[in-house]
Amino acid sequence: DPMLAAILNSKLGQFFITRVCHRTDHGYHLTPEKLGKFPVYTPDFDTFVDTARHECVVALVSRMLQLQKRLRDAKAHDEKIVVQQEIEATDVKIDALVYELYGLTAEEIQVIEESVR
């Protein structure tokens, strides 16, 4: 599900995972029990706003997957830099959309942004 992928890979997802899941040598141990505590946003497709947000998330996740492939396939250093910048810009858009989905305040966003640096 692109929505779930966007949420879990966003800074909000990182914030949640780093506080709820146990750290291992390879990252964080995600269990169904721990992930079950995460309030996953479920769009209401009867509303225009949620439908539009969902379509935007799907487009951004698709773009991110394409960019990740381009980065892996890039040969030239300059190309890798450009693609990495596009990835970072797409990440910012995804994070902003996820913050909007959850109705976070500027103060809450600041706490999340500072904690996942």
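The legends below describe close-up views of a predicted model. Local features need pLDDT of at least 70 and side-chain atom pairs count only at pLDDT 80 or more, whereas totals for chains, interfaces and linings use all residues. Residues are numbered from 1 along each chain as its sequence is written, and side-chain values use heavy atoms, with hydrogens and water left out.

**View A. The buried residues of helix α1.** In helix α1, which spans residues 2-9 (helices being DSSP runs of H or I with at least four residues, numbered from the N terminus), the buried residues are M3, A6 and I7, where buried means under 20% relative accessible area with a 1.4 Å probe, protein chains only. Seen down the axis of α1, these residues fall within an arc of 95 degrees (taken from the directions from the helix axis to the C-beta atoms), so they line one face of the helix. Their cover includes α2 (11-20), α4 (48-73) and α5 (77-101).

**View B. The largest nonpolar core.** This core, a set of buried Ala, Val, Leu, Ile, Met, Phe, Trp, Tyr and Cys residues joined through side-chain atoms within 4.5 Å, has 22 residues, of which I7, L12, V57 and I94 touch the most other members. Helices α1, α2, α4 and α5 each supply at least two residues of the core, and α5 gives the most, with 7 residues.

**View C. The surroundings of I7.** Leaving aside neighbours within four places in sequence, I7 is in contact (heavy atoms within 4.5 Å) with G13, F38, Y41, V98 and Y102.

Notes:
Buried < 20%, exposed > 50% of the residue type's maximum accessible area, 1.4 Å probe, protein only.
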